[in-house]
Amino acid sequence: MEQMNAAVVTSFGEPPHYQQFEVPQPTTGTEFLVDVLAVGLHPRTRTGAAGAHYTSTGKLPMVPGVEGVGKRPDGKKIYFVADDHSLGTMADKAVVDIRRSIELPDDVDVVKVAAALNPAMSAWVALRRRVPIEPGQSVLVLGATGNAGTMAVQVAKRLGAGRVVGAGRDFTRLNALSSLGADEVVLLNNDAEETARALGAAAAEVDIVIDYLWGKPAQQTIVALLARRSDRSRAMNWIQIGSMAGPTIELPSVALRSANFRLQGNGQGAVSTEVYLAELPSLVEEIDAGTIAVKANSRPLADVEKIWAQPDAPGERTVLVP
Ligand SMILES: NC(=O)c1ccc[n+]([C@@H]2O[C@H](COP(=O)([O-])OP(=O)(O)OC[C@H]3O[C@@H](n4cnc5c(N)ncnc54)[C@H](OP(=O)(O)O)[C@@H]3O)[C@@H](O)[C@H]2O)c1
C-alpha cells in the first residue's frame with residue numbers, strides 16, 4: 001500500500017503525531033485524490049481531533065481536518081469539505097467528493113483561504129441564509145475578538161448592517177475592532193451588573209445577535225438585552241454559532257414569552273453542505289479582494305505535534321502546509 005505523511009491521532013487527549021499513513025483511495029465515481037495544499041487549524045478541528053465534536057465517530061486512528069485547499073489531478077485548485085469520517089485533511093493527500101468542493105481562482109492565496117474560510121463562513125452563511133440581514137439592520141457580535149467574531153463584524157458591515165456592536169473580554173483586541181467596522185464595543189468583565197448595563201445601553205435594540213460564546217455570557221446577555229428593549233414585540237434573532245464559554249445555558253422561559261426572541265443556530269446540520277458550498281465562491285472573492293482581513297500563520301505539517309497545543313497569536317489562524 002502506498003504511504004503518505006499525515007497528522008495522525010492515535011489516542012484522544014494527545015496531539016496528533018506526524019507519521020506515515022496509508023494513502024486513501026477514492027471509492028465512488030464522484031471521488032478523486034487531491035494533493036493537499038493548506039489546512040486551517042480551527043477550533044472545530046481541535047474538537048474533532050479530541051473526539052469531542054458532535055459529529056465524532058470515536059474511531060482511531062484518525063487524521064484530523066474537516067476541510068482544506070487542494071490541487072486536483074487536472075491542476076485546478078479547490079476548497080473542499082471532508083466527509084464526517086476518520087480520514088481528514090491534515091495529510092499529503094485526501095479523497096474529495098467533487099460535490100463537496102468548489103473551484104478556486106488559479107492565482108488565489110491558498111494559505112489565506114485556508115485560514116479564513118472556516119471562521120468567515122459562519123457569519124456569512126448565518127446572515128445570508130439563516131437570518132437574511134436587511135439593509136440597515138443592527139447586529140451584536142458576542143465573542144467579537146476571536147477569528148470568527150472579528151470576521152463577523154466585517155461580514156455584517158459588508159452585508160449591509162447599519163450598526164455593529166462587538167462584545168468580548170479582551171480590551172485591546174476589542175478596541176481594534178473599531179478600525180474593522182465596529183460602531184461600538186462592550187467589554188465583558190467579571191462585574192455582571194456593569195456588563196449588563198453596558199450591553200443594555202449599546203445593544204438592547206439590535207435586530208440580530210451572532211453568538212460565538214454561549215454559556216454564562218450568552219445567558220447574561222439575553223436577559224440584559226431583553227430587559228432594556230423598548231419594543232419587545234420587535235424580532236430579535238439570536239444565531240448561536242460557537243460555545244467558547246460553555247456548552248449549555250439556563251434560559252428563563254419568560255425570555256421567550258415576554259419578547260419576540262427567536263433562537264436558532266448555524267452550523268453543520270442546521271445548514272446543508274450544498275448551501276454552504278453555494279455560498280463559498282462569493283466569500284472567497286471577498287477574502288481574495290481583502291475586504292475581510294485575514295492574518296494567517298503558515299507552518300509545516302511536519303510540526304503539527306509541536307504546535308498543536310500552542311494557542312494562535314491574537315487575531316491569527318495557524319495554517320498547516322504539507
Ligand atoms: N458553526 C460554525 O459554522 C462555526 C464556524 C466557525 C467557528 N465556529 C465556532 O465559533 C467559535 C469561535 O471560533 P474562532 O475561530 O473565532 O475561535 P478563536 O479564534 O479561538 O476565538 C475564540 C474567542 O473566544 C473568546 N472566549 C473564549 N472563552 C471565552 C469566555 N469564557 N468569555 C468570553 N470570550 C471567550 C476568546 O477570547 P480570549 O482571546 O480573550 O481568550 C477568543 O476571542 C468556536 O466555538 C468555533 O468552533 C463555528
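Trainee: Which polar backbone atom is 2.7 Å from an oxygen atom of the ligand?

Mentor: A polar contact is a pair of N or O atoms within 3.5 Å; within protein, one must be able to donate a hydrogen and the other to accept it, and residues adjacent in sequence count only if both atoms are side-chain atoms. Here the atom belongs to the backbone of Ala148. Asn147 places a backbone N or O atom 2.9 Å from an oxygen atom of the ligand, and a polar backbone atom of Ile241 is 3.3 Å from a ligand nitrogen atom. The protein covers 79% of the 920 Å² of accessible area that the ligand has on its own; such areas come from the Shrake-Rupley method with a 1.4 Å probe, and for residues only the protein chains shown count as cover.

Trainee: What are the ground rules for this model?

Mentor: This is a predicted model, in which local features need pLDDT of at least 70 and side-chain atom pairs count only at pLDDT 80 or more, while totals for chains, interfaces and linings use all residues. Residues are numbered from 1 along each chain as its sequence is written, and side-chain values use heavy atoms, with hydrogens and water left out.

Trainee: Which residues come nearest to the ligand?

Mentor: A residue is near a molecule or strand if one of its heavy atoms lies within 4 Å of it. Of the 20 residues around the ligand, the nearest are Asn147, Ala148, Arg169, Arg173 and Arg317.

Trainee: How many residues of each class are in the shell?

Mentor: Ala, Val, Leu, Ile, Met, Phe, Trp, Tyr, Cys and Pro count as nonpolar, Asp, Glu, Lys and Arg as charged, and the others, Gly among them, as polar. The shell has eight nonpolar, nine polar and three charged residues.

Trainee: Which helices each supply at least two shell residues?

Mentor: Helices (H or I, at least four residues) and strands (E, at least two) are DSSP runs, numbered from the N terminus. α2 (110-130) and α3 (147-158) each supply at least two.

Trainee: At what angle do the axes of α2 and α3 cross?

Mentor: Axes are lines fitted to C-alpha atoms, for helices over the stretch in contact, and angles run from 0 to 180 degrees between N-to-C directions. Angles under 35 degrees count as roughly parallel, over 145 as roughly antiparallel, 65 to 115 as roughly perpendicular and the rest as oblique. The axes of α2 and α3 cross at roughly 45° and come within 8 Å, so the two are oblique to each other. α2 also packs with α8 (residues 273-289) at about 120°, their axes 9 Å apart.

Trainee: Where is the cis peptide bond?

Mentor: Most peptide bonds are trans, and most residues other than glycine have a negative phi. The bond from Leu60 to Pro61 is cis, with omega near -5°; Pro61 lies in the loop between α1 (43-49) and β4 (67-71). Trp214 has a positive phi, near 55°, and lies in the loop between β11 (208-211) and α6.
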